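Good morning, everyone, and thank you for making time for this. I would like to walk you through one protein chain, beginning with the overall picture and then turning to a few individual residues.

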Amino acid sequence: MKYQCCTRCVMDTTDSEITFDSQGVCNHCRQFDERAGREWFPNEEGRRRWAEMVQQIKVSGKGQEYDCILGLSGGVDSSYLALKVHEWGLRPLVMHVDAGWNSELAVANIEAIVKHCGYDLHTHVVDWEDMRDLQLAYLRAAVANQDVAQDHIFFSSLYHFATRNRVRYILSGGNLATEGIFPSAWHGSAMDSVNLKAIHKKYGERKLAKYETISFFDCYLWYPFVKKMRTVRPLNYMPYDKAAALKELEETVGYKPYPRKHGESVFTKLFQNYYLPQKFGMDKRRPHFSSLIVSGQMTRDEVLEKLQEPLYSPAELEIDITYFCKKLRISRQEFDELMRAPIHHYTEFPNWDARYRALKRVQGLVTKALGRDIRVYS
């Protein structure tokens, strides 16, 4: 494909499925505008909708110690949400999933937020031998979505924990304003336990002893329709601005910003800033910055200037690679061999894509028959 970059955002033909209109605007921008009209309410309507949702959450948790569960990673989005939840008077059980890659700064930020808000914090420490074996399996599979091992256990832990504590609402820092653009060609679903198990079966060296997954049935049918659980994204009901959120966190709880995006996880930092660009030619700054452009938080010129900055300094990269190899108990030679190994796409392994497409067709028919949208997420 001849190189082309969107004239509105900065998504380009590193996304193999990108398309452009006659003005050079990409499909991601058009899709964002369409979704924003349905999912993002940075206005009075959003305040009204969220006030109603807060009441529903409080009623659902009446007589219980907690009325919702809040996943806290230490990143800006989930940290800011934790601050707002305190202001709304909700009673969350805050849950953090430690997959073994937390930076010291992330730990300090989480502690500062929890202390300021007076929350109860439950930290689920993932069995390291399970996590190590699964992450090495993904590296050997040489697929782009290396963060699935962490992301899946994060979400599955939230759901399992919510079920055990009879809590119906999970609050997520996910939002359209900062995550509205992401090319589907770059990754598969982090929830796809079929794909995860297939990759581990082929490349893993041991059985996963304590790593809990979520099945397709649980994810899309059991939890939302039988257990009546909902994952709610409160930041979609406000004019969420990441820079303003960071400033408020700094002034209110003494939050310390990370030098780069996803600095709360050493693994994710190396994966996004080195592994993906070097091995797959994917710069995840592009969808991130593009989201900020279309949501009005940055200008395209500002972003183009930011993209000129290096992803890593040579010294910092060597420090992180050395730590990465030591943590996974592999040699630098093994790491270099993994970086050179032929790449694969997640669809080369069994997955639940076909089931998901079938479910979406059924959902479309039900929506049409009932005259209203049926959703798992807010």
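This is a predicted model: local features need pLDDT of at least 70, side-chain atom pairs count only at pLDDT 80 or more; totals for chains, interfaces and linings use all residues.

Residues are numbered from 1 along each chain as its sequence is written, and side-chain values use heavy atoms, with hydrogens and water left out.

Let me start with the chain as a whole. The protein chain holds 16 helices and five strands, where helices (H or I, at least four residues) and strands (E, at least two) are DSSP runs numbered from the N terminus. Its radius of gyration is 21 Å, which agrees with the value near 21 Å that a compact globule of 378 residues would have; that radius is taken over C-alpha atoms, and the globule rule is 2.2 Å times the number of residues to the power 0.38. Along the principal axes, the C-alpha atoms fill a box of roughly 55 × 55 × 50 Å.

Of the 378 residues, 52% are buried. If we take contacts (heavy atoms within 4.5 Å) with a separation of 6 or more, 77% of them join residues 24 or more positions apart.

Now to the cysteines: how many disulfides does a search of the whole structure find? The search finds zero, with a disulfide taken as a pair of cysteine sulfur atoms within 2.5 Å. For C26, the closest cysteine sulfur is that of C9, and at 3.7 Å it is too far for a bond. C26 is also buried, at 0% relative accessibility, and C325, at 6%, counts as buried too.

With a relative accessibility of 48%, K228 counts as partly exposed.

Is I153, by contrast, buried or exposed? I153 is buried, with a relative accessible area of 1%, and its place is in helix α6. Not counting residues up to four places away in sequence, I153 touches V97, V126, M131, Y211 and E212. From I153 to W128 the C-alpha distance is 12 Å, and the two are 25 residues apart in sequence.

Finally, T13 belongs to the segment before α1 (27-39) and, with a relative accessible area of 15%, is buried. Which residues is T13 in contact with, leaving aside its neighbours within four places in sequence? They are M1, K2, Y3, Q4, I18 and F20.

Definitions and conventions
Buried means under 20% relative accessible area, exposed over 50%, partly exposed in between (1.4 Å probe, protein chains only).
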